[in-house]
Structures are given as structure tokens and as C-alpha cells.
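Subject: Structure handover

Hello,

Here is the structure for you to take over. Please open it alongside this note.

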Amino acid sequence: MIEMVRRFLRQKFGSPAMVIALSLLAILTAVQGTLSEPEQALGAGFLAILLIAAGSVSRDISGGTIQMILARPIARTSYLYGRYLGILAVYAVFLAVSAALTVLATRLLPTLIGAGTPGASLDSILRGIAIAMANALLFAAILLFFSTFLRGYSDVLAYFGLMIFLGAMPGLGAALRKPWLARAGEVLRSNLLPQVDWSGILRGRGLLGEPTGRWVLAVTAFLALATVIFSRREFSYGQD
Amino acid sequence: MIVVSSLSKTYGRLGRRRVRALDGVSIEVRRGETVGLIGPNGAGKTTLLSCLLGFLRPDSGSVSIGGLPPDDLAIRARTGYMPERLGFDRDLTGGAFLAQHWRLSGGDPREAGRRAAAAAARVGLEGGVLLRKLSGYSRGMLQRIGIAQATLGDPQLLFLDEPASGTDPGGVVIVRDRILEAKGRGATIVLNSHQLPEVEKVCDRVVFLSGGRVAEEQTLRGERPAPRRASIRVAPGRAADAVAALASAGFAPESGSDGAIRVPVASDENLAQALQTLARADVPVFEARSSMDLEDLFRRGGTA
Amino acid sequence: MARIESPAGAGPEISSRGSQSRLSVSVLFVLLAALLFRLVTALTNSAATKERASSGPEAPPLVRWAPLDKASSVSGSSGKPVLYDFTAEWCPPCHRLDDEGWGNRDIARLASDLYVPSRVLDREREEGRNPPLVEELRNRYDVQAYPTLVVAAADGREIARFEGWAGPEELKKFLQESKGKPPLAITPAPVSPGS
């Protein structure tokens, strides 16, 4: 599995386009963190995860590299979780860089513009990183799941599709005057895309609350489904 | 070692035409045997190989290697695989690629560099080449890296898909050498190929697949090899005399399209007799070759 | 995994290291554990929920909250405007407001002394609908986002409002400045942080 993580890191950081994109995002995050609160800025690394996790499995399949890897004594789960951990590892590097830039910026900004900025306390930065990683655990699991059976970058499209669909159900239910539809939509959304108040949990409230339970189940379920699908997948190799 | 039993595999989903790639294929490969799979395109060769590697699951029938399912990690640990087209990460250098596969095969990571260099040297790729990215390799170099990767760690099982296609002549020899070397170690080898001369040079047995079925099997080496076909080129204008002489001596000669005379012979001694017959008939022989004539197999289209 | 005796000569035994397409028992186990955790958190929370539904969830203790149905009458008799705190359990900024706003002694004292504070808890997501009084207040003041603070006269006319959480200083300022204002004739654009 370590080999798979290492390979993922090399694939991402070996791509100039990816490095540039992530660097820009890191700068953006740092700026936002300096102007408002790092905790919020870091905790909202949506775009970065998308970039990193898109096509995590499907690219290997369409590129034809997966057969050579799976011909080796590597369990399919090792490959799959290696990709997952790889996503989180790259994201962790991104967060570290963003945090460092934020600290740098808050030191520099007063001298540049001669004004004080809201303190980018170490506390706030660390909390932001923790919140970002917690969200990433779920987000990456969902994208990984879609990537095991959708082609190319359709996993990203599928995620948006899921979000939109679940978000629209309550409205649809209201419009069609079917409250059960709205309720079903709400249940699905809260269980598949749970919102957790990580900020509150880090301050000591609601660690074992219902949202946490939903989140744990969601992450586990997406990873379990991905495991089942990928373990049973077949790989044809070209034509005769 | 490898037992394929009534293997059937169908492709295609709802709405698309379903193709029966394999239809009740049964093959056995003994330990240490080298078997070649030949047949027209679409006959199921690559599908069969994919089933042997655990990439595809059979619809019916079974595949077992050493008594275990093909995707068992213990089997994978003893397998070398060379696909028709090498799959690699674009930014990887040749050396890093070999090292990666060494590590993936369970080899000691500390030896990765040394093993990669050794494997590359054995296929005629010297040091500097390993530092270049695979995306810059020529087709021939990729083929060499492919066989090098497949033979890392001296695997007991080798699966090769078109190992000698489109290579420079030097590459063909190298691939053949590596296969023979593995064979000498007692490895069990299954290979697909369109290069019939190469197949004849390395395989003990040949399986002809057509339309997803085993049309014919022929033993090339071993206790009772199959009858061969001699191809004899005589002096221009003397072909008719040659045919007459051979026919009266009990052979069944045919005129080949390239001007040579094709004669089935039972053995090397039989071939010598045919040549003596021609000598007695005063027909100069310019060239005589005997081979399995797998091309004939193709032309006959199998008995499927 | 049973070994089939191979007539083709398998040679020395190769011991299985596991087929890859079998679903691992451990995956199922982990999934079941997660389900169990989910159920446990749901059950422990629903017990607490029932108790909270009547009295309101741990209303920040430093503030002297008035019961929702008595707020207007207390306001009338005391002469202090009502301070409605529209809040919801699932809303993270509301938690910040509770912790750093109402949890702050000075702010809590301001709120309790200058106003009749009362919590308006939206439970539509958890229970599907709200009690009639909550609905009425939400509609009357057209509350769209949480948290929203509405300062109102005893007769219900809106005096001022504050949406969102912008830090303790902003809240303090709002509380101090809204006290003396007269009721509005029409509802103005709400004061939002950072706009």
C-alpha cells in the first residue's frame, strides 16, 4: 500500500499543472485566511480536494496502467486504499503549505499595508487544518467511490449531481406538495452528505452527537461500497 | 500447473452486440511447459490471457493455477506479465519503472536499483537509457523494458501477450533469449503471438484458437512431435520433375505459391529421404527447410 | 481454500495468500460497526431531544431567558424590548454565538439587563415542523437565516435586527445601540457582517 501512496504522490507532484493549480489555491487560501479567519479559510478546501481526487482510480484504468499493477501481488484493497491515503496525503501537504503561507502573510501584511489584521492565531490555523482533514475524509471517500465505476473525471460530475439532486428534493417536494419527498430528501442528504459542526466539536461540544454518527457511517459506507465494486471489477485489455 | 476447464466468457452489455469471446475452452499446461496461443484476431487469445491473470472472471468453467484461483496473491507473486502495450506513468524513467515493479513484486526495496540495472543490462539497455523517461522510448526499447519487467525476480510463471510484435530484429532475439532462459529455469510460460517463426522457436506446444474455441493443438517438441512440412526450393524449371520424383517415392508433394515445393515429412530422417530422392532424380536442391508450418494451420482456418 | 489435485503436475504446494475478489469479512465488520455507532448516537440524542423539545436545548445559562410565550407580556410590564434569538441546532454560527456571545459575562449582562431575551428554536429539520408560535414569529419577522437576532417592542413591531455572527464586539455594539431606538415603520435591510 505504501508503494501505491508513494506512486500517487509522485503522480500529483510530478505534474506541473497540478502543482501550479494547488499553489495558486494555497495562496488564495492564505490570503482569505489573513483577511478573515484561517479556521474558515482552511476548512473550506473544497476545490483542492476536487483537483487532487478527480479520477483517482478511473485514470489508471483508462490509461491501461492498472493491469500491470494488479498483475503483481498487490491486493485490490491495497491499491484502493493506497489511492485514498494518497489523496489525503497530497491534501495534507496542501494544507501545510497554505497554513505556512497564512502565517507568513499575517507577519508581512502589517508591514505592507501598515494596518493590523485579525490575529491568525496558531489555534485558529490548527483548527482549520483539522476541520479541513475531517471534511476531506468524507469528500475523498465519495469521489473514490464514484471513480471505481465511472470513467475519466465523471466522478466529479457525479458528486455535483448528487449534491444538486439531494438539495433539490426538498424544493421539489414542496412544489409538488409531497412532504414525504422533502422529508426523504432531507434524510438522504443528512446521511449521505452529513454536515458536521467540526468547529463546535473541536470546542468540545457534540463529539458523540448524531451528526458525528452519520458522518462516520457515510465515510465507512462509501469506502465499503468502493471496496466491493473495485474488488469485483474486471479489466479487459484491448482487443484480440 | 495451469488448468483451464470449459472456460466461457461473453462480452457486451445490454443493447450492444454480445460477443462470445471464449466458448468452452479447455487447456492444460504442465509445469515447465511453454505453450503458444495462436489464432486470428478476435479469436479470444487476449481474453484467455486476461482470465489466466485474474483480470476477467469466467462466465462458466474454471481457471486454476497450481490449484489456486488465478487472482490469488501467492500466484501473482510468482508471475511475470508482459502486455502487448506497456502501461506506465508518463513521467517515469526506465530505471524507476523497473524499480517500482521490483518493489511491487515484493522484492527487497534496498535492492531495487541494483536489480533494475541488472534486468536492463540483460535486455541490452545500458545505464544511461534508464535515466530517460519512458515516454521518450522507442517501440523497441519499450518492448525490451517490457520483457525485463516481466522477468524481474525470475518468476515461475510467465504470461506474454505479443512479446515480439513490432520490434527491431535485435529486440526479437533478446525477447526470445529471455524466454528461453526462463524456460531453462523450469518456468511455465504461456504466450500469444502472431510471429509464427518465433512461436516455433520457443514453444513446446501450440494451441490454435478460433472463434473462441480450441480448434487444434499441436506438440512441437517432446515425445511425439507432430508431422512437419518441408519446404524445398529446387532449380528453376525443375519443379515439375521434383514433384514427379517425390510422388513416385511415396511422398505427397504440393507446389507452393512461392515456387517452393511443400512436402509433409514424418521426421528429420524422412526429410533426408526426400532430399536423397531428389538427388537421385538429378534435381538440384537450393534450399530445404522443415517446420511445423503453422501458417498452414492458419490457412486451413482450424477445424472449428 | 481447498486445493484441487492437478493432474497436470502442480509440483510443490503453493499456499494461498488469499483471492482478491472475495469480499473481505473485515469490510462487512467495519460497516456493521459504523452502523452500530450511528444507531447509538441517534438513540442517545433522541432521548436528550425529547427533553430538550419542551425546555429548549441548554440555553446559555448566563442570560436570563424568558419563555417564548411570556416574552411579550414581560416586555410590556418591564418596559424593556424583547430580544428574540432565532437559532437552530444544526447551525454552526449559532454555536459560536452561544459560546462567545451569550457565554461572555458582559454581553450576557447587557442582554439580560437591557432586554427580555427569548430563544426561538427552529426544529423543522429535526422534526419536520415547528410549534405554531415559532412559525408565527418566523413569518412575522421574515427570518431567513440563522442566527438572527430581532429586537421587538412588546406589541411585536420590529425595532432592529442582526443576522449572523460577527464576533463579540459587533454583538455588544448592536445590543448597546438598539436599546433606545423606536420601532420601525417598515422592515429595513438587515445588518449583516462584512457586507
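Below is what was found, taken topic by topic. Bear in mind that this is a predicted model.

**Helix pair in chain A**

Start with helix α9 (residues 154-175) and helix α10 (residues 179-192) of chain A. Their axes come within 7 Å. They cross at roughly 165°. Angles over 145 degrees count as roughly antiparallel, so that is how α9(A) and α10(A) run relative to each other. The crossing is left-handed.

The contact residues are these. From α9(A) come Leu166(A), Gly167(A), Met169(A), Pro170(A), Leu172(A), Gly173(A) and Ala174(A). From α10(A) come Pro179(A), Leu181(A), Ala182(A), Ala184(A), Gly185(A), Glu186(A), Leu188(A), Arg189(A) and Leu192(A). By class, this contact has 11 nonpolar, 3 polar and 2 charged residues. Glu186(A) and Arg189(A), both in α10(A), are charged.

**Chain A against chain B**

Next, the interface. Chain A puts 21 residues in contact with 29 residues of chain B. On the chain A side, α1 (2-13) and α6 (66-70) each supply at least two residues. The largest share comes from α6(A), with 4 residues. By class, the chain A side divides into 9 nonpolar, 8 polar and 4 charged residues.

**Helix pair in chain C**

Now look at helix α4 (residues 105-114) and helix α7 (residues 168-178) of chain C. They pack at an angle of about 20°. Their axes are 10 Å apart. Angles under 35 degrees count as roughly parallel, so α4(C) and α7(C) are described that way. This crossing, too, is left-handed.

On the α4(C) side, the contact is made by Ile107(C), Leu110(C), Ala111(C) and Leu114(C). On the α7(C) side, Pro168(C), Leu171(C), Lys172(C), Leu175(C) and Gln176(C) take part. The contact divides into 7 nonpolar, 1 polar and 1 charged residues.

**Domains of chain C**

Last, the domain layout. The assignment for chain C gives domain 1 (23-55) and domain 2 (58-178). Their centres, taken over C-alpha atoms, are separated by 32 Å.

Over to you.

Best wishes

Note on methods
Residues are numbered from 1 along each chain as its sequence is written. Chains are lettered from A and ligands numbered from 1 in the order in which they are written. This is a predicted model: local features need pLDDT of at least 70, side-chain atom pairs count only at pLDDT 80 or more; totals for chains, interfaces and linings use all residues. Axes are lines fitted to C-alpha atoms, for helices over the stretch in contact, and angles run from 0 to 180 degrees between N-to-C directions. Angles under 35 degrees count as roughly parallel, over 145 as roughly antiparallel, 65 to 115 as roughly perpendicular and the rest as oblique. A crossing is left-handed if the near helix is turned anticlockwise from the far one by less than a right angle, and right-handed if clockwise. Two residues are in contact if their C-beta atoms, placed from the backbone, lie within 7 Å. Domain bounds come from an automatic or database domain assignment.
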